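Please look over the model below. Which contacts hold the interest here?

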Amino acid sequence: MQIAIHNWMRAETLESTLQRISALGYTHLEIQGAPESYDSSQVKELLEKNNIKCWGSVTLMLEERNLLAKDPDQRKRSVEYVLDLAQMVADLGGKVISFVPATVGKIIPDARPEEEWEWAVEGVKEVYEFTEANGLTIGIEPINRFETYFINRGAQALALAEAVGPNCGVCLDTFHMNIEEVDMFETIRQVGSRLVNFHVADNNRMAPGMGKLNWEKIMATLKEIDYDKVLSVEFCPPIDRTPANPYPNSIDEAPEGLSPEQLKFLQDHGSTAVTEDFYTMLTKRSIEQLKPFL
Ligand code: LER
Ligand code: MN
């Protein structure tokens, strides 16, 4: 098993992210789905310089990105975004795409359930054609009801993956499963061989080990289904603006290089800009918790 970490949770240069995670013992990066911000040849150079491999990328379904939009042109632009992201993953030698079909933070449907299902299958199939031809794998990712109304549970992601094709997979995320699944261990078993990526954070979306999730049981269940790919760290700390905050210097009041869209994306996750020290602590705590299982 290898360990990766996402980089959408803090706006900083890719170089500073790679230096930090390499120094802490990470081997892979699940790069944020922002193909418009990256020059793949420069990213490849930085990855090599810091001895980090690209594991894949996660869709950042912000602004108008929505495969379920009632406007066909918006759906088309959304698929084109994911195709650009897939091309970036291919260029960087990555393997997986954690695929969230609808806009994060959008909890009101645009159309009838059967229409939205048809559009989702259609849109993911277009990306699937590319991933099949380029040796990549899609992982449909269920996320909690406060971020989307569409795919919240493993069984739904499985149904969509099966509708798309035999090699379409599922990406599970411990934080979301803890909210939405009756039994996350049963969900892991049910997804089984279609599990292509596994995002990890604790129940409070702090670093693994900083909440109440049973990591021994989670890791034992992954072993049961022979999942031996990558644990992809994706903490996203909740905002605490009160004197009760146990981490008083955690909120970055003057973030650099954080676009309004990135800030809204963080806020749509119940988070915000955080300080470098706090972020480094979370990054370190994550690998300390998971290392014994790798
Ligand atoms: C993405 O991996 C995720 O977990 C969601 O919160 C959407 O960003
Ligand atoms: Mn996730």
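## Basis

This is a predicted model, in which local features need pLDDT of at least 70, side-chain atom pairs count only at pLDDT 80 or more, and totals for chains, interfaces and linings use all residues. Residues are numbered from 1 along each chain as its sequence is written, chains are lettered from A and ligands numbered from 1 in the order in which they are written, and side-chain values use heavy atoms, with hydrogens and water left out.

## Around ligand 1

The residues around ligand 1 include V58, V104, I143 and F265. D173, H176, H199, E234 and H269 are also among them. Here a residue is near if one of its heavy atoms lies within 4 Å. By class, the shell has five charged, four nonpolar and three polar residues.

## Polar contacts and cover

## Strand residue T59

T59 lies in strand β3, residues 53–59 (a DSSP run of E, at least two residues). T59 counts as buried because its relative accessibility is 4%, and buried means under 20% with a 1.4 Å probe, protein chains only. The T59 side chain also comes within 3.0 Å of the backbone nitrogen of V100.

Notes
Nonpolar A, V, L, I, M, F, W, Y, C, P; charged D, E, K, R; others polar. Helix = DSSP H or I, 4+ residues; strand = E, 2+ residues; numbered from the N terminus. Buried < 20%, exposed > 50% of the residue type's maximum accessible area, 1.4 Å probe, protein only. Polar contact = N/O pair within 3.5 Å; in protein donor to acceptor, adjacent residues only side chain to side chain.
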